[in-house]
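Dear colleague,

I am passing on the structure below, and would be grateful if you could look through it alongside the notes that follow.

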Amino acid sequence: MSDRFDAQYYDRFYGRTPVHTRQQIGHLANGVFSLASWWRIPIRSVLDVGAGKGYWRDWLAEARPGAKYHGIDASEYACRRFDHELADISVWQPPRRYDLVVCQSVLQYLDDAGASNAIGKLAHACRGLLMFDTPTIADRDAVLDLSSTDVAVSWRTAAWYRKRLHVGFTEIGAGLWLSRDCPAVFYELERAR
């Protein structure tokens, strides 16, 4: 595993001005669970890939204490400090399938082969919804605050990710993807084109 994601990394990117705050992740988690409820997709188990400081786990413990949580991270520091399983998603074998898989800002740290493998692992692990985001070239050029973002990553287009994600998922939008194994039914306009 990489020691790139050490205490200094966490101080820099999760310190005073983090990319995502605990409160923002709470809003996102609430939205994901509300939409899953609307679509009648039960979420009883959650896999958090790149779990970091454990904001999803903390929200679940308070808002959805019945949901089983499993967090993995490639950072030895994060796993020791925040109690996750040490694992690299590009080679990790999921022990089971999960109703919700969360993978936020992880795959940009992998090379092309590793990121492709990781997407396959996400599809294997997910039987319901995938909450996926990772910064793209367009985000770097027009959206991100580069002073507070780790830019030493593999930059790819959204099309690169979509091509690989579409093998195991149907894009819903807003970062949500439906596992091809999930029997949920969507109206045409509820899905992305």
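In helix α3, which spans residues 55–63, the buried residues are Y55, W56, W59 and L60, where buried means under 20% relative accessible area, exposed over 50% and partly exposed in between, with a 1.4 Å probe and protein chains only. Because these residues cover an arc of only 135 degrees around the axis (taken from the directions from the helix axis to the C-beta atoms), they lie on the same side of α3. The face turned away from that buried side carries the exposed residues A61 and E62, while the cover over the buried residues includes α2 (22–38), β1, β2 (68–73), β4 and β5.

Please note that this is a predicted model, in which local features need pLDDT of at least 70 and side-chain atom pairs count only at pLDDT 80 or more, whereas totals for chains, interfaces and linings use all residues. Residues are numbered from 1 along each chain as its sequence is written, and side-chain values use heavy atoms, with hydrogens and water left out. Helices (H or I, at least four residues) and strands (E, at least two) are DSSP runs, numbered from the N terminus.

As for α5 and α7, D112, A115, S116 and I119 in the former meet W160, Y161, R164 and L165 in the latter, contact being heavy atoms within 4.5 Å. F132, leaving aside its neighbours within four places in sequence, also touches Y161 and L165, and its other contacts include C103, L107 and W177.

Best regards
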